[in-house]
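Trainee: I am new to this structure and would like a close look at a single part, the surroundings of the ligand. Could you take me through that part slowly?

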Amino acid sequence: MLANRSALVGESVAIEDILRTIEKVSQTDSTVLISGESGVGKELIARAIHENSNRSNKALVIVNCAAIPADLIEAELFGHTKGAFTGATQNRLGRFEAAHGGTLFLDEVGELPLQLQSKLLRVLQTRQFEAVGSNKTIEVDVRIIAATNRDLETAIQTREFREDLYYRLNVIPLKVPALRERKSDIPQLISHFITQFNQATGHSVEMPSGQILEALMAYDWPGNIRELENLIERLVILKGQGTVDLGDLPHRIFQKFAEGRPSGTGALSEWEFPRMVLPNSGLDLKAIVDAFENHLVDQALARTNNNKNRASELLQMNRTTLVEKLRKRGMIQTVGSRNRMKAENNHPTGASTGSDSNSNSNTNSNSNSNGNANNNGSLLGNRGGFIPDVNA
Ligand SMILES: Nc1ncnc2c1ncn2[C@@H]1O[C@H](COP(=O)(O)OP(=O)(O)OP(=O)(O)O)[C@@H](O)[C@H]1O
Ligand SMILES: [Mg+2]
């Protein structure tokens with residue numbers, strides 16, 4: 001087992017694998033390339049490698065290659081002499097020297113400018129370099145860990161990343177899967193962050209369970225562990241104590257969970273209701289309910305590419321009822337009114353500029369509306385704004 005797990009929480013097969021790799025590589029000086037999406041824990045893993053190595057009593061120096069302007073990064077890494085460039089008022093030690101005896105973590109290494117990639121390659125091969133403005137060669141003993149959230153193999157193909165540097169860095173590849181690929185870690189992570197933020201704030205929020213935990217497990221966490229950590233911090237601070245309620249979760253999480261629930265059993269769960277607070281001044285109930293209805297109808301149409309049969313199934317209503325609702329909103333013309341309109345104003349808005357566009361206009365008026373009615377009920381924003389009242 002690792003002597004120092006460095007707070008790497010998780011029990012998935014993926015995390016166990018990562019822990020085993022950390023344990024092995026920390027006993028060596030080999031270069032490690034950690035890859036994975038933003039927020040998966042690359043930096044935490046780099047720290048764990050350093051802390052478990054025999055370099056742990058020396059510095060771990062972190063350089064974020066994406067955060068330093070291209071023209072400063074060379075001096076930042078290798079140091080500079082006094083007068084080497086405008087603003088260099090004194091000699092300055094670079095990060096490589098600062099990491100002597102320890103570990104240098106090159107974060108977002110994929111963002112390193114090409115010209116510096118060749119310099120880095122040389123340092124990896126020889127551990128030697130010169131400070132900017134100096135011709136004295138410096139030699140360091142540094143263990144390198146690099147990280148990237150970019151696919152470097154693609155960057156090699158587009159000639160943004162040197163292939164020889166990639167192979168030098170990728171001696172020990174360590175791929176960190178996204179949180180959605182190791183959802184079994186979620187409960188332990190939540191518990192870890194709840195404890196951590198309760199301790200930090202003196203609050204006493206309880207570990208979520210039941211539907212709340214289900215919802216947190218159903219969500220895909222595009223921002224990975226950082227997103228989960230931030231949410232738990234917010235919940236602890238805003239709740240202060242007690243249990244987390246459905247209404248405390250952000251809409252995106254609530255929505256993902258609600259979408260995946262079986263419905264149509266008659267009794268809607270609390271999940272499926274929109275959560276709206278009745279303003280002190282009251283509200284126009286009919287207008288709000290109408291707007292909500294339109295919102296769901298439009299979603300059903302968008303999801304079915306305006307297929308009214310399938311949309312009405314999704315909404316569990318008769319097709320004729322749906323059609324009637326659309327007609328009331330002016331989103332469907334009857335054939336009669338369409339012909340009348342054509343005759344009256346020689347409709348100038350269609351995309352067809354040719355003279356002979358009438359033969360198929362009934363069905364084509366909607367041919368550009370593939371799907372995306374947005375949430376404002378904006379099917380009316382389509383060309384012509386109407387859904388053809390044909391079989392679909
Ligand atoms: N397995 C884990 N257990 C506990 N906390 C974790 C774990 N993985 C990541 N974290 C926490 O999640 C946050 C993000 O992790 P980290 O900064 O290491 O990710 P990253 O991959 O370097 O992200 P980025 O690409 O955005 O820099 C940190 O606060 C870290 O402590
Ligand atoms: Mg990072």
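Mentor: The shell around ligand 1 draws at least two residues from each of α2 (42-51), α8 and α10 (224-239), where helices (H or I, at least four residues) and strands (E, at least two) are DSSP runs numbered from the N terminus. This is a predicted model, in which local features need pLDDT of at least 70 and side-chain atom pairs count only at pLDDT 80 or more, while totals for chains, interfaces and linings use all residues. Residues are numbered from 1 along each chain as its sequence is written, and chains are lettered from A and ligands numbered from 1 in the order in which they are written.

There are 18 residues around ligand 1, and those that come nearest are Val9, Ser38, Gly41, Lys42 and Glu43; a residue counts as near if its C-beta atom, placed from the backbone, lies within 6 Å of the molecule or strand in question. Sorted by class, the shell around ligand 1 holds seven nonpolar, seven polar and four charged residues, with Ala, Val, Leu, Ile, Met, Phe, Trp, Tyr, Cys and Pro taken as nonpolar, Asp, Glu, Lys and Arg as charged, and the others, Gly among them, as polar. Because domain 1 (13-177) and domain 2 (184-262) both contribute residues to this shell, ligand 1 lies between them; the domain bounds come from an automatic or database domain assignment.

In α9 (residues 210-218), the residues Ile212, Ala215 and Leu216 are buried, and, seen down the axis of α9, its buried residues fall within an arc of 95 degrees, so they line one face of the helix. The arc is that of the directions from the helix axis to the C-beta atoms, and a residue is buried if 20 or more other C-beta atoms lie within 10 Å of its own, exposed if 12 or fewer, and partly exposed in between, with C-beta atoms placed from the backbone.

As for the setting of this part, the protein chain has 16 helices and nine strands, and buried residues make up 28% of its 392 residues. The mean pLDDT of the protein chain, that is, the predictor's confidence in each residue on a scale from 0 to 100, is 84, and 79% of the residues reach 70 or more.
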